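Here is a walk through the structure shown below. Keep the 3D view open and turn it as you read.

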Amino acid sequence: MTDSRAEIHDYLTRYAASLAAFDARRAAGLWGTPGMILDDRFAGMLESREAMVRGLEQSYPLYQQLGLDSVGFELLDHQQLSATVVLVHVRWLFLDATGELLTDAVSYYLLRADDDGLRAYVCIETDSAEKLAELAERQGVTLPR
């Protein structure tokens, strides 16, 4: 990776746009396989991009109900771990149609520069479940169990 900050920024910009567009296929295309998501209560491995697409599509109705319109981010830090692997610390900003912040979430990603660009292989969520629950409560939305 020659200019890792610029490459990471480009990757996060594309990922945020795919999330805001509710484009599961495009979002899943930014992941390598298998992909893993880990937080305090959940550890899951998705073996294929099709499984990723299905998982993302299942979450979209809730995000739409909560008023998600656009997604931004702040790149908090990144650490080059090897020639192709980078640890990225990012704060996601979830905005409504007026551009107001609905909620945020802080995550870490292990990205690898594959032949066709950066791909996420691991996502460690630090506070997204709590922030989503708080937003749902404020919006009067019941979260699925």
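Start at F22, which sits in the loop between α1 and α2 (24-28). In this predicted model, the phi angle of F22 is near 55°, a positive value in a residue other than glycine. That makes it worth a look, because most residues other than glycine have a negative phi, and most peptide bonds are trans. Is F22 buried, partly exposed or exposed? F22 counts as partly exposed, because its relative accessibility is 21%.

The peptide bonds hold a point of interest too. The bond from T33 to P34 is cis, with omega near -5°.

Strands of a sheet pair through backbone hydrogen bonds, either parallel or antiparallel. Here β1 and β2 pair in the antiparallel sense, over four bridges, and the two strands form a hairpin with four residues between them. To see the pairing residue by residue, find I37, which stands opposite G44 in β2. M36 likewise has M45 of β2 as its bridge partner.

Now zoom out to the whole sheet. Which order do its strands follow? The sheet is open, with six strands in the order β2-β1-β6-β5-β4-β3 and mixed pairing. β2 and β3 (70-80) stand at the edges; each has a single partner strand, so one side of each is left without a neighbour in the sheet. From one strand to the next, the twist averages 25°.

Helices lie against this sheet. α3 packs on the sheet and touches β1, β2 and β6, and its direction makes about 45° with that of β1. α4, in turn, lies across β5 and β6 and runs at about 150° to β5.

With these elements in view, look for the space between them. Rolling a probe the size of a water molecule over the atoms shows where empty space is left. The largest pocket holds about 1,400 Å³ of space. Its lining is made up of 45 residues, and S59, Y63, E125, S128 and L132 lie nearest the centre of the pocket. Several elements give two or more residues to this lining, among them α1 (4-20), β1 (31-38), α3 (49-65), β5 (101-114) and α4 (128-139). Which element gives the largest share? The largest share comes from α3, with nine residues. By class, the pocket lining has 31 nonpolar, eight polar and six charged residues.

There is also one cavity of 30 Å³ or more. The largest cavity has about 50 Å³ of space. D39, D40, R41, E125, T126, D127, S128, A129 and E130 line this cavity, and α4 gives the most to the lining, with three residues. What classes do the cavity-lining residues fall into? They divide into one nonpolar, two polar and six charged.

Finish with D10, in helix α1. D10 has a relative accessible area of 40%, which means that this residue counts as partly exposed. In sequence, D10 and L118 are 108 residues apart, yet in space they are 9.4 Å apart, C-alpha to C-alpha.

Definitions and conventions:
Residues numbered from 1 in each chain as written. Predicted model: local features only at pLDDT ≥ 70, side-chain atom pairs only at ≥ 80, totals over all residues. Heavy atoms only, no water. 1 Å grid on protein atoms, 1.4 Å probe; cavity = no way out; pocket = protein on both sides within 12 Å on 5 of 7 lines; lining within 4 Å. Points joined across faces, edges and corners; volume = space filled by probe spheres on them. Nonpolar A, V, L, I, M, F, W, Y, C, P; charged D, E, K, R; others polar. Buried < 20%, exposed > 50% of the residue type's maximum accessible area, 1.4 Å probe, protein only. Pairing = 2+ DSSP bridges. Axes fitted to C-alpha atoms, helices over the stretch in contact; angles between N-to-C directions. Contact = heavy atoms within 4.5 Å.
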